[in-house]
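Me: I'd like to go through this structure with you, a piece at a time. Could you start with the burial terms, so that I can follow the rest?
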Amino acid sequence: MTPPLANSNAARDIGSVLHPYTDLVAHQEIGPVVITRGKGVRVWDDTGRDYIEAVAGLWCASLGFDNERLVEAAARQMRQLPFYHGFTAKSHEPMIELAEMLLARAPVPMHRVFFANSGSEANDTAIKMVWYYNNAIGRPQKKKLIGRVKGYHGITLAASSLTGLVNNHRSFDVPLPGFVHTMTPHHYHEARPGESEEAFADRCAEALEALILAEGPDTVAAMWAEPIMGAGGVIVPPRGYFPKIQAVLRKYDVLLVADEVICGFGRTGNYWGTQTFDMQPDIVTCAKALSAAFLPISAVMVNARVFEGLARESHVIGTFGHGYTYSGHPVPAAVAVETLKIYDEIDIVGHVRAVAPTMQAGLRSRFADHPLVGEVRGIGLIGAVELVADKETRANFDPSRKIAARAAKLCEQHGVISRALPGDSLGFSPPLIINEAEIDEMLDRVRAALDELAVQLR
Ligand code: PLP
């Protein structure tokens, strides 16, 4: 590897930036890929190379990497009112309009919307709301929270405690006490030989019930779930999973929080992943595609039951003592309003449904028989291929070989930015505006990369 030129972007980056989700020592040698511009589903680096962004950045750039209407919406709002807040009952139109639009589009009846800046903050907020709610209704002991092994809910202290991924816990001294994790609903790895998806879903529900009973039902407040587990490996739940899980939650009066940070706004072929998988959440968190990733904003929607508890307690105390300086910031809120209008106008869900078969069938036709691929999975415009050392036993490669990271690097050399996920999976979640020709081009490039990897591993 040639060292970066002095004063190049790469050298300056190495000398100054502490990167998220990066081996900070290896980075000193390898350096960054510096992205300079984007258009449609593509981005360009500072050497002029183009890449198809097969993960929409971080599962978020739903409308791709240019959109004049969103630029204009931001500029208009900055000229009109660049900042105002929602503390102590102040308000402004973009926040009101966005809250109304979200409530009108909610997957199940929702009552109020709280705004934050990121998915992690939305989940942290929802955690605090669940605790506040249970204090309000006189059950202060009912506070434990259930996440799932391989679930991802962000990296702030409480959200990372809900997250069920080793690298988000190790050496950070989380999870905090009171956070527990139930099993991953991944049929390919977790099912017993011959076990149907339905029978496996039953077993997942039994495991959840056993966990609640072991912890003590009076101490368990809520369960968090992404409709599809994204960062944990694009794990699609087995048939019938959520209705069975929810029957257990209802039995013990445990709330369900749907983390729609990736799945919201069309990704799975419905407006919400909640609808694709028959979830009935009490609270919904969303972010990312809410503003097409043009500016940071997230939201927490709560149903009437939760809102009434929060309201009552805030009235006793005299304030709902939670909020971020930039909760409902008018500029990202205005961009989000414009984003949701664009989704309606271009029928984003209809578009995803129209092109998703090309991606799902294309993934399967190119990779199901590939010598390195164990499972191809996904729905709508989200998918993954899992690399295995042995197709028969489904054994992954030795983690020290970092096979998925190597595959992602080769994809990059073939002009596709994909994402290496835990469990040796390569994730795909392209901008929702991708067309069929671009999907084919993306998958052809990935196929070439995996063929090259297969040759290297021979
Ligand atoms: N929840 C889910 C399902 C996510 O995928 C993510 C981020 O990828 C988050 C929460 C955290 O969002 P953020 O990175 O905006 O804090």
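Reply: This is a predicted model, and in it a residue counts as buried if 20 or more other C-beta atoms lie within 10 Å of its own, as exposed if 12 or fewer do, and as partly exposed in between.

Me: OK, so how does Arg 239 count, and why?
Reply: Arg 239 counts as partly exposed, because it has 14 C-beta neighbours inside 10 Å.

Me: And where is Arg 239 found?
Reply: Arg 239 sits in the loop that runs between strand E7 (220–225) and helix H11 (241–251). Leaving aside residues up to four places away in sequence, Arg 239 touches Glu 197, Glu 198 and Ala 201.

Me: Switching to the ligand, which residues come nearest?
Reply: Of the 16 residues around the ligand, the nearest are Ser 118, Gly 119, Ser 120, Gly 154 and Val 261.

Me: What's the shell like by class?
Reply: The shell around the ligand has seven nonpolar, seven polar and two charged residues.

Me: Now helix H16, which residues are buried there?
Reply: In H16 (residues 403–413), the buried ones are Ile 403, Ala 404, Ala 407, Ala 408, Leu 410 and Cys 411. They line one face of the helix, because seen down the axis of H16 they fall within an arc of 160°.

Me: What do they pack against?
Reply: The buried residues of H16 pack against strands E12 (382–387), E13 (416–417), E14 (419–421) and E15 (425–428), and against helix H17 (436–457).

Note on methods: Residues numbered from 1 in each chain as written. Predicted model: local features only at pLDDT ≥ 70, side-chain atom pairs only at ≥ 80, totals over all residues. Helix = DSSP H or I, 4+ residues; strand = E, 2+ residues; numbered from the N terminus. Contact = placed C-beta atoms within 7 Å. Near = placed C-beta within 6 Å. Nonpolar A, V, L, I, M, F, W, Y, C, P; charged D, E, K, R; others polar. Arc of directions from axis to C-beta.
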